[in-house]
Amino acid sequence: VLYLYYNENISTNGWQAFFHMLQNSVSALEEVNLIENNIDDESAVAMTSAFANLSSLKILQLDENKSIETIGWQAISNLLQSRITSLVELNLSVNKIEDEASVALANALTDSPSLKILNLNSNRFIGAIGWRAFSNCFQSLALEELDLSMNRIEDEAAGDLANSLSNMPTLKNLKLTGIEYITATGWIMFSAVLSNLNSALQKLDLSINTIGDEAAVAFANALTNNSSLKIIDFDANQSISDVGWQAFSRLVCKSSIIDTFHSNHTLHQLCDGNSSEHLSDLPSDLIYSLRLNRNNNKNEVVRQKILWSHFQDDNVDINIKEFFHMELKAMPFAITWIGRDDVGHPLLYQLVRSMPSLVERGNEHDNKRKAVSSKTKLGRNMHGDCDAMM
């Protein structure tokens with residue numbers, strides 16, 4: 001492990017001498033941390049020479065080295081492409097990476113099958129050309145964590161990224177915070193990332209953006225068949241009103257009993273767990289459904305949602321009628337599975353109250369059975385009397 005960070009006073013000559021010294025002694029390094037140093041293009045070229053035989057490197061931290069420009073990034077790209085084949089984590093955040101350097105880096109990373117974590121946070125010099133190159137690159141990677149926060153990503157780039165990330169079945173954690181340039185159009189395009197049935201995404205951080213109701217509804221609709229996303233962080237998106245939150249209410253608990261089975265039972269958080277800023281804005285039914293979704297027993301989640309949302313109010317008679325078209329043999333099992341109402345009555349009790357015809361049918365059947373039994377008994381007695389007379 002090599003940790004050498006926050007050394008802004010080291011000159012170009014100092015870095016060149018340091019990397020020359022390392023040239024024949026770093027063959028077994030697995031982690032290099034060079035955060036926030038005064039590394040420039042010449043120093044970067046010297047670094048790539050020193051690490052030319054460093055095939056064991058797994059973690060490379062080069063964030064906050066803003067003096068590296070196109071020549072230096074091209075040298076680093078060549079190193080990543082031809083020498084370092086086992087890289088797992090790469091941090092290039094808070095740098096001055098422009099489009100030409102972005103294309104070089106994207107091409108270099110295309111052949112990095114081991115790369116799992118990539119941080120491109122706060123690279124505001126990357127334009128549409130650079131993001132398109134990275135978008136193409138992402139499709140060939142098996143990333144699990146990707147941070148694109150605080151960048152100049154506009155609608156066109158958002159569409160490119162959506163097409164790319166929709167086809168990345170390994171991605172679990174994606175950060176897109178503080179991106180002020182994406183409009184509602186771009187966010188709606190980007191929501192398609194969540195509609196892929198093969199998505200493995202578990203956390204999507206969209207905090208500190210300008211997402212409004214139109215985009216929020218698009219994200220909720222995209223999650224209809226998504227069973228992987230647990231957290232989508234909308235913290236500090238002040239433009240989302242009750243219209244947007246109601247879309248998520250419908251997502252996690254639909255309006256009818258049968259449709260509730262097909263609600264989203266995975267999503268359980270819509271803002272930072274340490275922030276209560278938005279929690280007070282969420283509808284109470286949404287908050288409750290999200291809490292229920294935290295239970296790993298999804299069968300129990302469905303049961304609780306049906307019981308709470310359909311049998312805890314004055315409309316029990318209306319709600320119970322959804323069972324009227326169910327086969328009679330299946331009905332008792334369904335009602336028993338759901339449980340009891342808030343008074344403590346089994347829901348079968350509510351069903352009988354709402355469907356007196358069931359009792360009437362039962363009475364008719366019972367009366368017929370008794371009549372048949374009586375006739376049989378009478379027949380037997382008459383037969384006995386005849387035998388006695390003979």
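Predicted model: local features only at pLDDT ≥ 70, side-chain atom pairs only at ≥ 80, totals over all residues.
Local features need pLDDT of at least 70 and side-chain atom pairs count only at pLDDT 80 or more, while totals for chains, interfaces and linings use all residues. Residues are numbered from 1 along each chain as its sequence is written, and side-chain values use heavy atoms, with hydrogens and water left out.

| Residue | Relative accessible area | State |
|---|---|---|
| C137 | 1% | buried |
| C271 | 5% | buried |
| S149 | 0% | buried |

The structure holds 0 disulfides, a disulfide being a pair of cysteine sulfur atoms within 2.5 Å.

S149 lies in the loop between β6 (145–147) and α6 (155–165). Helices (H or I, at least four residues) and strands (E, at least two) are DSSP runs, numbered from the N terminus. The side chains of S149 and T177 form a polar contact of 2.9 Å; such a contact is a pair of N or O atoms within 3.5 Å, and within protein one must be able to donate a hydrogen and the other to accept it, with residues adjacent in sequence counting only if both atoms are side-chain atoms.

Helix α9 (residues 242–252) has buried residues including W245 and F248. Its buried residues pack against α8 (213–222), α11 (284–292) and α12 (298–310), where contact means heavy atoms within 4.5 Å. Beyond neighbours within four places in sequence, F248 contacts residues including F219 and L286.

The largest nonpolar core has 88 residues, and F51, F138, F219 and F248 have the most contacts inside it. A nonpolar core is a set of buried Ala, Val, Leu, Ile, Met, Phe, Trp, Tyr and Cys residues joined through side-chain atoms within 4.5 Å.

Terms used
Buried < 20%, exposed > 50% of the residue type's maximum accessible area, 1.4 Å probe, protein only.
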